[in-house]
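Please look over the fold and the packing of the chain shown here. The notes below are grouped by topic.

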Amino acid sequence: MSSTTETQALRPDRKKSRLHLDIIGLGIAVVMIFPVYWLVISSLRPNQEIRSYDQKLWPTSLTFDNFERAVNQPNFTTAIQSSLIVAVTAVVGGMIIATLAALAIGRFRFFGRKPLLLVMILVQMLPPTAMLIPIYAQLNAMGGIDEYWGLIVVYLVSTLPFATIMIRGFVVNIPVELEESAMVDGLTRFGAFRKVVFPLLAPGLAAASIFALVNAWNEYLFAYILINDNSKYTLNVWLMTFTTERGTDYGALMAASTMIALPVVIFFMIIQKKMAAGLTSGAVKG
């Protein structure tokens, strides 16, 4: 009886503590969402209002002229094409290689397996700017400057360590007996992987693919250095064209940035459930 009374006495304090945490969480969410909100609202403001010193949280008038100017900007369609070629190829290629590497590391015991995992983790700690000059020199010697494949290789390699480690966490959690049972029933090793293992890897692949897509779609530095041909600019480099000697067209720039962000948001919304499972399930074992 006394323990029940003590528990009831503690409940108001717990509710108060929970309320404080909710307020803190709401404040953090507002801070994180506000730049996105300001980007979208600015894309709908008239240019004179964007340049005004009297800024308001909600525009006095809305316009879609900024989107029209952004779409009519030179090289818009070629920039979309370049970004799609680079991003899709890097993501698909990265997921295939990362899955094969994760299967090898997770299923087989070979000399140097643990040092290989350690190297993958250490590579993630290196800042991209530290590798810019060596990568540029190597691609220049191989003829990869101003070529899609040079940029694709950079993006693919940069996502491989993280994707391999994440997918490996799922591989080690899938019992080997499932594959063996499928092979006893007449399936080949590849057939067992395709029909048994691959569906169970879907959450990990979803989480790794969104990471790879964000890295390839939003990256600017390597795209700016490795691609000099205007007709091959990716979307993030193409945004520079809104800044000229006469100034910056902020309205069209904001509108273009909003449109560029949409594909990643849509892709994330499609696979968010699998991604949430991927960020937790793969870290249980291994």
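Helices (H or I, at least four residues) and strands (E, at least two) are DSSP runs, numbered from the N terminus. The chain has 13 helices and 2 strands. This is a predicted model, in which local features need pLDDT of at least 70, side-chain atom pairs count only at pLDDT 80 or more, and totals for chains, interfaces and linings use all residues. Residues are numbered from 1 along each chain as its sequence is written, and side-chain values use heavy atoms, with hydrogens and water left out.

**Whole chain**
- Of the 286 residues, 37% are buried (under 20% relative accessible area, 1.4 Å probe, protein chains only).
- Among contacts (heavy atoms within 4.5 Å) with a separation of 6 or more, 71% join residues 24 or more positions apart.

**Nonpolar core**
- A nonpolar core is a set of buried Ala, Val, Leu, Ile, Met, Phe, Trp, Tyr and Cys residues joined through side-chain atoms within 4.5 Å.
- The largest one has 58 residues, and Leu-151, Tyr-155, Ile-167, Leu-201, Trp-238 and Phe-242 touch the most other members.
- Helix α7 (residues 148-171) gives the most to this core, with 12 residues.
- Leaving aside residues up to four places away in sequence, Leu-151 touches Val-86, Phe-222, Ala-223, Leu-226, Ile-227 and Thr-234.

**Helices α4 and α7**
- The axes of α4 (residues 76-107) and α7 come within 6 Å and cross at roughly 35 degrees; axes are lines fitted to C-alpha atoms, for helices over the stretch in contact, and angles run from 0 to 180 degrees between N-to-C directions.

Technical notes. Buried < 20%, exposed > 50% of the residue type's maximum accessible area, 1.4 Å probe, protein only.
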